[in-house]
Amino acid sequence: MVLKLGYDEAELLARIAEGDQRAFEIIYDRYHARIYQFAIAYLRNEMDSEEIVQEIFLKLWMRDGRSSPIENLPAYFQILTRNHSLNALRRKARINSTDLEASVNWIEDDLDTEHHILLNDTRRVLNQAIELLPPQQRIVYQLCHVQGLKYEDVAKQLNISPGTVHSHVKSALKFLREYLRSHTDIAVLLIIFKLF
């Protein structure tokens with residue numbers, strides 16, 4: 001049986017539920033542009049909006065006679081388009097969030113690796129600088145800053161005054177900072193001062 005455009009939508013929907021392709025084509029021709037306009041208003045993307053149109057018409061085609069009747073087809077399509085569009089936006093947000101998280105993790109891993117390399121290079125330069133200290137300054141610096149002894153303990157151990165220990169440490173730190181400034185870049189300097 002050939003359907004004419006004069007058939008009312010309730011009759012067309014009933015025929016679609018029975019698998020009538022011509023009834024489906026009539027509804028599609030009447031509403032696909034409007035559904036697309038609803039979708040593009042939400043999604044602002046042509047491909048995504050076309051997919052929404054396809055999803056909605058697939059849903060309409062899959063309806064059977066047991067489904068609750070559609071009272072107002074334009075309102076039904078508008079609500080369905082809104083819901084599908086919002087779901088698509090949520091999916092996209094989740095995907096973007098996952099991509100962002102993966103990107104951040106990659107950047108953090110990359111920065112950790114870079115930080116580790118910089119730290120190793122800085123330690124190497126620092127060790128070179130320590131080797132250039134006068135012998136007494138080098139021993140005092142190592143006891144205070146490497147072994148973590150207090151000035152008084154170092155003074156007793158080396159049989160010198162705490163003031164002399166303080167003076168050696170101050171001179172050693174000044175030399176090491178100057179050496180590092182001239183042998184490393186700014187980024188390394190920010191890391192290096194954690195070592196002092």
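Analyst: H5 crosses H6 in a right-handed sense. A crossing is right-handed if the near helix is turned clockwise from the far one by less than a right angle, and left-handed if anticlockwise. Helices here are DSSP runs (H or I, at least four residues), numbered from the N terminus.

This is a predicted model, in which local features need pLDDT of at least 70 and side-chain atom pairs count only at pLDDT 80 or more, while totals for chains, interfaces and linings use all residues. Residues are numbered from 1 along each chain as its sequence is written, and side-chain values use heavy atoms, with hydrogens and water left out.

H5 spans residues 135-146 and H6 spans residues 151-158. Their axes come within 10 Å and cross at roughly 135°. That angle makes H5 oblique to H6. Axes are lines fitted to C-alpha atoms, for helices over the stretch in contact, and angles run from 0 to 180 degrees between N-to-C directions. Angles under 35 degrees count as roughly parallel, over 145 as roughly antiparallel, 65 to 115 as roughly perpendicular and the rest as oblique.

Which residues touch? From H5 come Gln136, Ile139, Val140, Leu143 and Cys144. They meet Tyr151, Val154, Gln157 and Leu158 of H6. Contact means heavy atoms within 4.5 Å. By class, this contact of H5 with H6 has seven nonpolar, two polar and no charged residues. Ala, Val, Leu, Ile, Met, Phe, Trp, Tyr, Cys and Pro count as nonpolar, Asp, Glu, Lys and Arg as charged, and the others, Gly among them, as polar.

H5 has another partner, helix H7 (residues 162-183). The axes of H5 and H7 come within 9 Å and cross at roughly 95°. H5 and H7 are therefore roughly perpendicular to each other. On the H5 side, Gln136, Gln137, Val140, Tyr141, Cys144 and His145 take part. On the H7 side, the residues are Val165, His168, Val169, Ser171, Ala172, Leu173 and Leu176. This contact of H5 with H7 holds eight nonpolar, five polar and no charged residues.

Elsewhere, helix H2 (residues 21-43) packs with helix H3 (residues 46-62). Their angle is about 140°, with the axes 8 Å apart. H2 also passes H3 in a right-handed crossing. Among the residues in contact are Phe24 and Tyr28 in H2, and Ile52 and Trp61 in H3. The contact of H2 with H3 divides into 15 nonpolar, three polar and three charged residues.

Notes:
Helix = DSSP H or I, 4+ residues; strand = E, 2+ residues; numbered from the N terminus.
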